[in-house]
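Open the model in your viewer and keep the selection tool ready. Each stop below says what to select and what is there.

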Amino acid sequence: MKRAILILFITINLIACNTAKQVEKAVHSGNYDYAINTALDKLKTNKSKKRKKEYIFMLQDAFTKAENRDLNRVDYLKKEGNPENYQEIFNLYNALNSRQESIKPILPLTANGKNINFDFIDYSDLTINAKNNLANHIYTSSLKLLDSKYKTDIREAYNNLVYLNRITPHFKNTNELINEAQILGTDFILVTINNQTNQIIPNRLQSDLLNFDTYGLNKQWSEYHASKAENFQYDYAMQLNLKQITISPERFREREILREKKIKDGTTYKLDREGNAVKDSLGKYIEIDKIIDVKYRFIESIQTKEAQILANVVYIDLKTKQTIESFPIDSGFIFENIYAKHYRKKNKQNDQRALTIEDLELLKNRQLPFPTNEQMVFDTGEDLKLKLKEIINGFGTN
């Protein structure tokens, strides 16, 4: 027991020493925030213990050096006078304030009988001023981006304005500009279906393919229209060209299946060579399992019918009238029904104990009417929709 306690004590001290060395190394390498967070974690409990004082001094050292580094960086950025620096200045003031706030809960700290002081600064006015500079810069630059003819610039403006609305809610007309950027930055795509198969496709299939609400799309910068709006400028056209529809004949196959199995069917007495029942040492007759062969013969029937649609999806840039992408699609649907029936309705040799669970389920099934050709094409359209969704999600900007 004493040995276990000694080992535990040594292990705890080794871990503590290793952590202290990590904090010290972090301070020397300039990783001040890691050093501060690690020291704070150690000082959350029993901060007055003697072995915790090294963390107090390292915390003070790391804080002072981190503060000096960030303030020097702020001074440099301000002297540079570049509006692009407003973001970093604002972030640095937030970091300076957050660092102080993380230390305040564990104060006061004492070591060697003295209070350890941290020179905290009120950064609120500086932070507000930095935020105002940043907000005005983002607003002005976003207005310029919104006037661009390139949608990538407009989407950048959208992201900047969303950030502006987060740090300064309701700044000027930011909400209206966000809505404007969303519209201006969106690619509008007109979708058409071209039936090139010389076969009639179900109207409900065409309606279902063009019902984009059922696709579960999540694309911020792409909007698909199934019908052309008047006086509306579309960016792209997406053509779903149905090339070929093939429907197989109705197929019906049967096969005879014989199941055989050895099963236990009660018990019987063990017999000697003369056919007499054998007793054990206590005078009781010895019982053994009675194993019998059972069989069951039935007819398995399989109904199948297949449909296939060959198509391609073509994206066209309506400004240049050039084809951008073309994707082939091969969709299919298979109707299959498997059922079984007794080989002979009154076959006394049939014993259901020879059947598997799957066999019993098949015997419950019944023959079904084959789906119509129209239904087969419509069911194939479900697979077509899935592949079309993959193409839509992979094309353009999310």
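## Stop 1

Select P108, placed in the loop between helix 4 and strand 1 (110–111). Helices (H or I, at least four residues) and strands (E, at least two) are DSSP runs, numbered from the N terminus. The peptide bond joining L107 and P108 is cis, with omega about 0°. Most residues other than glycine have a negative phi, and most peptide bonds are trans.

Before you go on, note that this model is predicted: local features need pLDDT of at least 70, side-chain atom pairs count only at pLDDT 80 or more, and totals for chains, interfaces and linings use all residues. Residues are numbered from 1 along each chain as its sequence is written, and side-chain values use heavy atoms, with hydrogens and water left out.

## Stop 2: two positive phi values

Select N198, in the loop between strand 3 (187–195) and helix 8 (203–209). Its phi is near 60°, a positive value in a residue other than glycine. Is N198 buried or exposed? N198 is exposed, at 80% relative accessible area. Buried means under 20% relative accessible area, exposed over 50%, and partly exposed in between (1.4 Å probe, protein chains only).

Now select N231, in the loop between strand 4 and strand 5. Phi of N231 is also positive, near 55°. N231 counts as exposed, at 82% relative accessibility.

## Stop 3: a helix pair

Select helix 4 (residues 86–103) and helix 5 (residues 124–146). They pack at an angle of about 155°, with axes 9 Å apart. Axes are lines fitted to C-alpha atoms, for helices over the stretch in contact, and angles run from 0 to 180 degrees between N-to-C directions. The two helices are therefore roughly antiparallel (under 35 degrees counts as roughly parallel, over 145 as roughly antiparallel, 65 to 115 as roughly perpendicular and the rest as oblique).

Show the side chains. Contact means heavy atoms within 4.5 Å.

## Stop 4: helix 6

Select helix 6 (residues 151–167), which has 17 residues. Which of its residues are buried? I154, R155, A157, Y158, L161, Y163, L164 and I167 are. These buried residues pack against helix 4, helix 5, helix 7 (174–184) and strand 3.

## Stop 5: helix 10

Finish at helix 10, where the buried residues include M376, F378, L384 and I392. The buried residues of helix 10 pack against helix 8 and strands 4, 5, 7 and 8.

Conventions. Expected span 1.5 Å × (residues − 1).
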